[in-house]
Amino acid sequence: MKNTRKRSRFIYLILFGSLAGLGYFTYEFFKNAGYWALQPFNKHLSERSSDGGKIIDKNGYILAQTKNGKRIYADNPDIRKAMLHIVGDGSVLISTSVQSRYVQELFGYSLITGLGAPELLSKNKDIKLTLDSEICSTVSKAFNGRKGAAIAYNYLTGEVICSVSLPTYDVYNKPDLTKDKNGTYEGVYINRVLSSSFVPGSIFKLFTTAAMLNNIKNPEIKLFECKKVKLYDGEKVTCMASHGKINLQTGLSKSCDIVFGDIAVELGQDLMKTEIEKFGFNREIKIDGMSLSKSKYNLDGASKADLAWSGIGQYKDLVNPTHMLMVMGAFANGGKPVKPFFIKEILLRQGIPIFLNSPTTYEEMVGIAVSEKIRVMMRNTMKNQYGDSMFPGMKICAKTGTGEVGEGEAPHGWMVGFSEDKKFPFAFVVVVENSGFGIKTAGPIASVMMKAIKLKFSSI
């Protein structure tokens, strides 16, 4: 009898497990069948859809659509290349593209009719973006074949107007990476705007400035002494020049490494980490449902000199371009950024919107008073160090950076900033990989981008 009861329990356990598994599979099938069928690696299935949805830029320009059962792309090759990482090429390789992330919305799927349903029953939808493809094309060409990322958004509404990742290619002329001996297309399938993080260099000094303003008494009148080289427990930290005795404002404008190394060491590891993480470092941030590559601030095993370098934007510091754009939005908005977004609306084929994106405020990164002080410092740096002629009539607040990446490689060049004019509420981030000083490499691209936005914005 005991053996019979044991066998019965075992049979019931198997039966229960089978029913539970079947129930779970049925639930997942009804929930995800469309996504399973329409994954890019099932391209042969999506191509059977009679009429895939359109991807449209903010001006109504069609970036992708299906005609006669074939997916076709923008008629302008420069726009095709500039918009590659946003639109996608129909393959699984560019995983963050609209065609990969919104495949079910674009191509539809019905449990009853599958793919290729009559138009009246079709679930295919169109997707309208916030991006201006002409501006993206202009900015992409301004890189002159160099690798990097550029992004700009309206910091009041969250709408991304420009997003460019390099290198790129024409979807109608895909490169053969097996023949890419010079690394021209290295990382070409990665959207560097979303999925990469870079050594920040001196743009990180904005975070160290905020940490000082929050924690050191009378920060504006405190003086630092830069003699070009300083020893921390016997280890050298060097600056580009010998600045003498200077205050925080001058230290930021001159981008003095000794000033910001001293600040980090005075605050200490624990307080620096706490302050930097207020800005969203070491955590997941999602944009349009996609996770950004994390910005990182890691002091594990750091010596005093390492801590100093971390406050300068070196050591193990990494920053994601879109996250940095949010920080610019925070400084422009009194400490709380509006989250960027690319997807403006999703529409039924009859033009009826079923989803409309709207501004979403992210948590506070920095207090209003500190945000205002940093805005003033960045504006002063722009006027007196870089020159307003780069951005005529825009009242730009900015900071450049040069992120050293190691022996034998040129540093990454950065420029980040925003307009303090709420009638022209745009923020920007540009990073050019292995290019040299930010003011010389990222600066001209930032200028091209903001001038293009100004031209379009003033004509609206």
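Beyond its neighbours within four places in sequence, R80 contacts Y73, A74, D75, Y169, D170, V171 and Y172. The model is predicted. R80 sits in helix α3, which spans residues 77-82. Its relative accessibility is 13%, so R80 counts as buried.

Helix α9 covers residues 205-215 and is mostly covered. Of its eleven residues, nine are buried. These are K205, L206, F207, T208, T209, A210, A211, M212 and L213.

The salt bridges number 22. One of them joins the side chains of E159 and K344, with an N to O distance of 2.8 Å. This pair links distant parts of the chain, 185 residues apart. E159 lies in the loop between β5 (148-154) and β6 (160-166), whereas K344 belongs to strand β13 (residues 343-348). K344 counts as partly exposed because its relative accessibility is 25%.

An α-helix has 3.6 residues a turn, so residues three or four places apart point the same way. E277 is partly exposed at 23% relative accessible area. K273 is also partly exposed, at 36% relative accessibility.

E275 and K278 form a salt bridge through their side chains, at 3.0 Å from N to O. The partners fall on opposite sides of the 20% cut-off for burial: E275 is buried, with a relative accessible area of 4%, whereas K278 is partly exposed at 38%.

Salt bridges also form a network, which links E372, R375, R379, D388 and E420.

Note on methods
Residues are numbered from 1 along each chain as its sequence is written. This is a predicted model: local features need pLDDT of at least 70, side-chain atom pairs count only at pLDDT 80 or more; totals for chains, interfaces and linings use all residues. Side-chain values use heavy atoms; hydrogens and water are left out. Helices (H or I, at least four residues) and strands (E, at least two) are DSSP runs, numbered from the N terminus. Buried means under 20% relative accessible area, exposed over 50%, partly exposed in between (1.4 Å probe, protein chains only). Contact means heavy atoms within 4.5 Å. A salt bridge is a side-chain nitrogen of Lys or Arg within 4 Å of a carboxyl oxygen of Asp or Glu.
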